[in-house]
Amino acid sequence: MIEDILTHSYVRIEVPEEYPFVALIAGLICVECILVGFLGPGRIRGQIFNKQFMEENFGKMIMEDPVLKQSDTRNLKSGYPDMGNGVYADKLSYKDWVTWNKMSRAHSNFLD
């Protein structure tokens, strides 16, 4: 009886012969999303919210904050978690702010 159930209880799925192309394109879209994230906002974030910018504008504030206090500012980099409309972005020049937001929006469009 168990042998009858095992031999006759399977589902056969048929896909069109073009299906591998669909899977390939879906994979390429995922790769594109990752590349846009790293090459767009990831690269710009490192240039705009660099260590010098963060230390000049926020080093003292971080050191005096009892919650965020650190022995030094080596870990203060990249402006996380600011996504363009927070405390760190308020200190950006208008040009840097626009550049950052354009790159961030381009990546967010892929995530949506």
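This is a predicted model: local features need pLDDT of at least 70, side-chain atom pairs count only at pLDDT 80 or more; totals for chains, interfaces and linings use all residues.
Residues are numbered from 1 along each chain as its sequence is written, and side-chain values use heavy atoms, with hydrogens and water left out.

The chain contains 5 helices and 0 strands, in the order α-α-α-α-α from the N terminus. Helices (H or I, at least four residues) and strands (E, at least two) are DSSP runs, numbered from the N terminus. Of the 112 residues, 24% are buried, where buried denotes under 20% relative accessible area, exposed over 50%, and partly exposed the range in between (1.4 Å probe, protein chains only). The chain exposes about 9100 Å², of which carbon and sulfur atoms supply 60%; accessible areas were computed by the Shrake-Rupley method with a 1.4 Å probe, and for residues only the protein chains shown count as cover. Among contacts (heavy atoms within 4.5 Å) between residues at least 6 apart in sequence, 59% join residues at least 24 apart.

Helix α2 comprises 30 residues and spans 43 Å from its first C-alpha to its last, close to the 44 Å expected at 1.5 Å a residue; the expected span is 1.5 Å times one less than the number of residues. A kink of about 25° is centred on G42 in α2, the bend at a residue being the angle between axes fitted to the seven residues ending there and the seven starting there. Buried positions of α2 are C33, G37, G40, P41, I44, R45 and I48.

The largest nonpolar core consists of 11 residues: I44, I48, F49, F53, M54, F58, I62, Y88, A89, L92 and W100. Two or more residues each are given to this core by α2 (19–48), α3 (51–64) and α4 (87–90), and α3 gives the most, with 4 residues. Such a core is a set of buried Ala, Val, Leu, Ile, Met, Phe, Trp, Tyr and Cys residues joined through side-chain atoms within 4.5 Å. Neighbours within four places in sequence aside, F53 is in contact with I48, F58, Y88, K91 and L92.

M103 lies in helix α5 (residues 94–111) and is partly exposed, with a relative accessible area of 28%. Beyond its neighbours within four places in sequence, M103 is in contact with G40, P41 and I44. The C-alpha atoms of M103 and V36 are separated by 8.6 Å, although these residues are 67 apart along the chain.
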